There are 2 protein chains.
Amino acid sequence: MSERVISPAVIKRLPRYYRYLGELIENEVVRISSKELSIKMKVTASQIRQDLNNFGGFGQQGYGYNVQYLYDEIGKILGLDNQQNMIIIGAGNLGQALANYDFSRVGFKVIGIFDANPRLEGLAVRGIEIQMVDELEEFVKSHSVDVATLTVPKKNARPIASKLEELGIRAIWNFAPTDLKVSDDVCVKNVHLDESLMTLSYNLRHRGNEKYSYNSYMND
Amino acid sequence: MSERVISPAVIKRLPRYYRYLGELIENEVVRISSKELSIKMKVTASQIRQDLNNFGGFGQQGYGYNVQYLYDEIGKILGLDNQQNMIIIGAGNLGQALANYDFSRVGFKVIGIFDANPRLEGLAVRGIEIQMVDELEEFVKSHSVDVATLTVPKKNARPIASKLEELGIRAIWNFAPTDLKVSDDVCVKNVHLDESLMTLSYNLRHRGNEKYSYNSYMND
């Protein structure tokens with residue numbers, strides 16, 4: 001493997017590879033050529049091969065790729081080969097919706113849900129009882145928590161993110177419509193719903209206008 | 001204005017400009033220099049000026065930009081200057097959470113919610129009663145619908161998307177973990193929660209590894 005840095009564009013494509021390969025497995029497809037994969041991924045077959053060469057030689061000349069093997073290997077690269085535990089901070093509508101979402105497909109399990117509203121205490125969501133935020137520290141000390149999902153109002157997001165960092169959480173999935181202020185030690189992935197919707201609005205407004213149109217694969 | 005096509009990278013930044021300018025307005029900031037904006041946006045001041053020059057000359061040498069004016073102009077470019085109506089298809093946890101989300105900040109109003117489960121019929125979410133999907137056609141004919149949000153199971157997403165296209169809907173905000181098959185006439189914005197979480201998992205797994213790290217601004 002060369003020493004060059006793997007480009008963000010490649011890294012961005014990995015989850016989509018994983019999703020497509022998962023679908024191929026569901027459809028009992030055993031092998032796939034770079035050409036067939038390139039059609040699904042909407043990148044060239046040559047780009048597919050380059051992408052995958054970053055991580056090792058997965059294909060065989062004339063055979064293509066073994067779907068299950070490629071799926072498993074990309075899963076390892078994505079860090080999905082072990083179960084990872086998630087806690088959700090903010091048990092409002094969005095937090096509860098995420099607690100009900102099935103993340104097992106990508107190896108995540110929700111093990112705790114926290115909120116500041118005492119009226120939510122003890123309410124069970126998907127079998128997990130909502131706890132109060134003052135129990136967060138104790139919980140994080142006694143459990144293995146990989147990711148904290150933030151579904152709190154904008155004004156609470158930064159203080160809570162700082163608290164999570166103090167408690168040793170190193171990955172935050174942030175749904176609050178603001179930037180977090182944490183050190184570079186903490187990985188943050190933002191899901192800015194407003195911005196996503198604004199992008200759709202832009203495209204709808206400028207449909208058919210070649211100068212303004214955004215025709216690349218519009219995926220988050 | 002030149003005839004060149006506006007790059008996707010610029011278009012991607014517009015919602016973030018809009019969000020930051022909105023925050024500046026909340027904080028009663030009247031004007032901002034390209035340098036100050038560049039710090040918030042994490043792109044160079046020169047890039048800021050180039051970005052905004054795509055859409056007209058908004059700044060004044062030595063003055064910088066008038067925040068309210070820039071906010072309003074970018075709002076127009078994003079298509080947010082008129083109220084837009086959204087319907088939500090799929091009134092499960094995520095659909096209901098989105099029905100409760102405040103999109104008024106970006107000029108959207110939820111005017112209808114639909115599901116196939118008869119047990120949900122008539123249940124009110126944020127004052128809107130859930131209707132059955134067989135009422136969708138009539139509703140779309142008698143209302144002005146700009147965007148349809150899809151929060152249905154994967155297996156229903158494509159059939160429903162095709163139906164929406166038939167009914168004349170030209171923008172779909174898709175939360176189902178699959179690609180939609182609609183014509184180029186329909187703008188689609190995907191929110192692939194699984195893929196977003198997988199990206200976070202990748203970063204957590206490869207933290208500190210320069211070769212594998214993805215250190216650019218990780219925003220959807």
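A salt bridge here is a side-chain nitrogen of Lys or Arg within 4 Å of a carboxyl oxygen of Asp or Glu. Take E137(B) and K163(B), whose side chains meet in one at 3.3 Å, N to O. E137(B) sits in helix α6 of chain B and K163(B) in helix α7 of chain B, so this pair ties together parts that are 26 residues apart in sequence. Helices are DSSP runs of H or I with at least four residues, strands are runs of E with at least two, and both are numbered from the N terminus. E137(B) is partly exposed at 32% relative accessible area, and K163(B) is partly exposed too, at 31%. On this scale buried means under 20% relative accessible area, exposed means over 50%, and partly exposed is in between, using a 1.4 Å probe and protein chains only.

Some ground rules before going on. This is a predicted model, where local features need pLDDT of at least 70 and side-chain atom pairs count only at pLDDT 80 or more, while totals for chains, interfaces and linings use all residues. Residues are numbered from 1 along each chain as its sequence is written, chains are lettered from A and ligands numbered from 1 in the order in which they are written, and side-chain values use heavy atoms, with hydrogens and water left out.

Let's stay with helix α7 of chain B, residues 154–166. Its buried residues are A157(B), I160(B), A161(B), L164(B) and E165(B). Spacing is worth a thought here: an α-helix has 3.6 residues a turn, so residues three or four places apart point the same way. What do the buried residues of α7(B) pack against? They lie against β4 (84–89), α6 (136–142), β8 and β9 (171–174) of chain B, with contact meaning heavy atoms within 4.5 Å. Just past the end of α7(B), G168(B) takes a positive phi of about 100°.

Strand β8 of chain B, residues 147–150, holds T149(B). At 0% relative accessibility, T149(B) counts as buried. Setting aside neighbours within four places in sequence, T149(B) touches M86(B), I87(B), I88(B), I89(B), L98(B), W173(B) and F175(B).

K76(B) is partly exposed at 41% relative accessible area, whereas E73(B), at 16%, counts as buried.

Now for the two chains together. Chain A can be laid on chain B with an RMSD of 0.0 Å by a turn of 180° and a shift of 0.0 Å along the axis. That is the relation of a two-fold axis, with the copies superposed by least squares on the C-alpha atoms of residues with pLDDT of at least 70 in both. And 100% of the interface residues of chain A are also interface residues in chain B, so the copies meet through the same surface.

How much area do chain A and chain B bury between them? About 7500 Å², 58% of it on carbon and sulfur atoms; buried area is the accessible area (1.4 Å probe) that two parts lose on being put together, summed over both. In contact terms, 80 residues of chain A meet 80 residues of chain B.

The interface of chain A and chain B has 12 salt bridges. One of them joins E23(A) to K154(B), the closest N and O atoms being 3.9 Å apart. Several elements of chain A each supply at least two residues to the side that touches chain B, including α1 (8–26), α5 (93–100) and α8 (193–205). α8(A) gives the most, with 13 residues.

Over all chains, the whole structure has 25 salt bridges. E23(B) pairs with K154(A), the closest N and O atoms being 3.8 Å apart. With E23(B) in helix α1 of chain B and K154(A) in helix α7 of chain A, the pair joins two chains. E23(B) is buried at 10% relative accessible area, while K154(A) is partly exposed at 28%.

One last stop is D179(A), in the loop between β9 (171–174) and β10 (187–190) of chain A. D179(A) counts as buried, at 8% relative accessibility.
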